[in-house]
Amino acid sequence: DPRIFPLSRYVELFANDRYLGRFLVDDTGRLIRGPIIDIWKSSCAASRLFGRQAGVAVLVPRRAGP
């Protein structure tokens, strides 16, 4: 949902006290609404392994500069 996670911004994801990484917000699927993030994985097997997780997403601030 671009109202929560704007396009071209980065989010850092945490689940169960684990850092999952920094991800670029690059797509807004029609079916994804509200505070839900759909992570792209390179294969269906990797997606299944990652599964559905509850956690925290932190919007990374933009750098100040010219």
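A: Of the 66 residues in the chain, 18% are buried (buried is under 20% relative accessible area, exposed is over 50%, and partly exposed is in between, with a 1.4 Å probe and protein chains only). Bear in mind that this is a predicted model, where local features need pLDDT of at least 70 and side-chain atom pairs count only at pLDDT 80 or more, while totals for chains, interfaces and linings use all residues. Residues are numbered from 1 along each chain as its sequence is written, and side-chain values use heavy atoms, with hydrogens and water left out.

First, the setting. The chain has one helix and three strands, and reading along the sequence gives β-β-α-β. These elements are DSSP runs numbered from the N terminus (H or I over at least four residues for helices, E over at least two for strands). The C-alpha trace spans about 45 × 30 × 20 Å along its principal axes. Take the contacts between residues at least 6 apart in sequence: 57% of them join residues at least 24 apart, contact meaning heavy atoms within 4.5 Å.

The three strands make an open, antiparallel sheet in the order 2-1-3. Strand 2 and strand 3 (56-59) are at the edges with a single partner strand each, so one side of each has no neighbour in the sheet. From one strand to the next, the twist averages 20° (axes are lines fitted to C-alpha atoms, for helices over the stretch in contact, and angles between N-to-C directions run from 0 to 180 degrees). Strands count as paired if DSSP finds at least two bridges between them. Strand 1 and strand 2 are antiparallel over six bridges, and four bridges join strand 1 to strand 3, also antiparallel. The hairpin of strand 1 and strand 2 has two residues between the strands, and Asn-16 takes a positive phi near 55° there.

Now go residue by residue. Val-11 has Phe-23 of strand 2 opposite and Leu-59 of strand 3 opposite as well. Glu-12 has Arg-22 as its bridge partner in strand 2, and these two also form a salt bridge, with the closest N and O atoms 2.9 Å apart. The pair links distant parts of the chain, since Glu-12 is in strand 1 (residues 10-15) and Arg-22 in strand 2 (residues 18-24), 10 residues apart. A search of the whole structure turns up one salt bridge (a side-chain nitrogen of Lys or Arg within 4 Å of a carboxyl oxygen of Asp or Glu). Glu-12 counts as buried at 19% relative accessibility, whereas Arg-22 is partly exposed at 46%.

Leu-13 stands opposite Ala-57 in strand 3. Setting aside neighbours within four places in sequence, Leu-13 is in contact with residues including Tyr-19, Leu-20, Phe-23, Ile-37 and Ile-39. The largest nonpolar core has five residues: Phe-5, Val-11, Leu-13, Val-25 and Ile-39. Such a core is a set of buried Ala, Val, Leu, Ile, Met, Phe, Trp, Tyr and Cys residues joined through side-chain atoms within 4.5 Å.

Over in strand 2 is Phe-23, partly exposed at 22% relative accessibility. Not counting residues up to four places away, Phe-23 touches Arg-9, Tyr-10, Val-11, Leu-13 and Ile-39.
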